[in-house]
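User: Can you walk me through the strands in this one, and then a few side chains?

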Amino acid sequence: MKLLDIAQVARGTGMAASRLRFYEEKGLIASIGRRGLKRLFEPGVLERLSLIALAQTAGFSLDEIAGMFDETGRISLDRVQLSDRADDLDQTIRRWSALRDGLRHAAACPAPSHMECPTFRGLLKDAIETRRRTFVEDLG
């Protein structure tokens with residue numbers, strides 16, 4: 001088995017060595033020794049880092065990501081958790097799509113002033129409602 005040093009892992013993943021050290025500190029990856037001052041990793045770390053990158057892109061926290069591995073370090077995904085996150089992403093996509101469509105309308109709206117445009121005023125109302133809802137959820 002060919003071991004990878006931290007520089008090779010960094011090149012292979014596009015992640016900074018400092019990020020890899022941080023992930024190791026958090027227990028998300030583990031080095032198996034050193035060659036000089038450089039940490040050494042098994043080749044399987046690349047797959048593990050791919051899952052971490054995918055999960056972060058999907059909005060999972062590092063604590064949630066840590067729970068995606070069993071006690072032996074193998075990937076163990078909770079299908080309900082994944083489905084719930086996909087539902088959250090669907091909701092986010094709908095929100096962003098509505099915002100995009102509203103901005104496109106505002107850019108082409110023939111109203112003399114954006115404040116006279118009901119669609120633009122609806123965007124303003126939605127923006128403050130979203131902020132209010134997020135604030136209340138953060139308190140709860």
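Analyst: What follows covers the sheet, then one arginine, then a surface patch. This is a predicted model, in which local features need pLDDT of at least 70 and side-chain atom pairs count only at pLDDT 80 or more, while totals for chains, interfaces and linings use all residues. Residues are numbered from 1 along each chain as its sequence is written, and side-chain values use heavy atoms, with hydrogens and water left out.

User: OK. What is the strand order in the open sheet?

Analyst: The order is β1-β3-β2, three strands with antiparallel pairing. The edge strands are β1 (4-5) and β2 (33-35), each pairing on one side only. Strands (E, at least two residues) and helices (H or I, at least four) are DSSP runs numbered from the N terminus, and two strands pair if DSSP finds at least two bridges between them.

User: How many bridges between β1 and β3?

Analyst: Two, in the antiparallel sense, with β3 spanning residues 38-41. Asp5 stands opposite Leu40, and Leu4 stands opposite Phe41.

User: And how many join β2 to β3?

Analyst: Three bridges, again antiparallel. Arg34 has Arg39 in β3 as its bridge partner. β2 and β3 form a hairpin with two residues between them, and Gly36 in the turn has a positive phi of about 70 degrees.

User: Switching topic. Where is Arg85, and is it buried or exposed?

Analyst: Arg85 is in helix α5, residues 79-108. Arg85 counts as buried because its relative accessibility is 15%; buried means under 20% relative accessible area, exposed over 50%, and partly exposed in between, with a 1.4 Å probe and protein chains only.

User: What does Arg85 touch?

Analyst: Leaving out residues up to four places away in sequence, Arg85 touches Ala58, Gly59, Phe60 and Glu64, where contact means heavy atoms within 4.5 Å. A polar atom of the Arg85 side chain lies 2.7 Å from the backbone oxygen of Gly59.

User: Last one. Which residues form the nonpolar patch on the surface?

Analyst: Ile75, Leu77 and Leu82, with about 230 Å² of accessible area together. Patches are made of residues with over 30% relative accessible area and no salt bridge, with nonpolar side chains joined within 5 Å and like charges within 9 Å. A salt bridge is a side-chain nitrogen of Lys or Arg within 4 Å of a carboxyl oxygen of Asp or Glu. Leu82 lies in helix α5 and is partly exposed, with a relative accessible area of 33%.

Methods:
A polar contact is a pair of N or O atoms within 3.5 Å; within protein, one must be able to donate a hydrogen and the other to accept it, and residues adjacent in sequence count only if both atoms are side-chain atoms. Accessible areas come from the Shrake-Rupley method with a 1.4 Å probe; for residues, only the protein chains shown count as cover.
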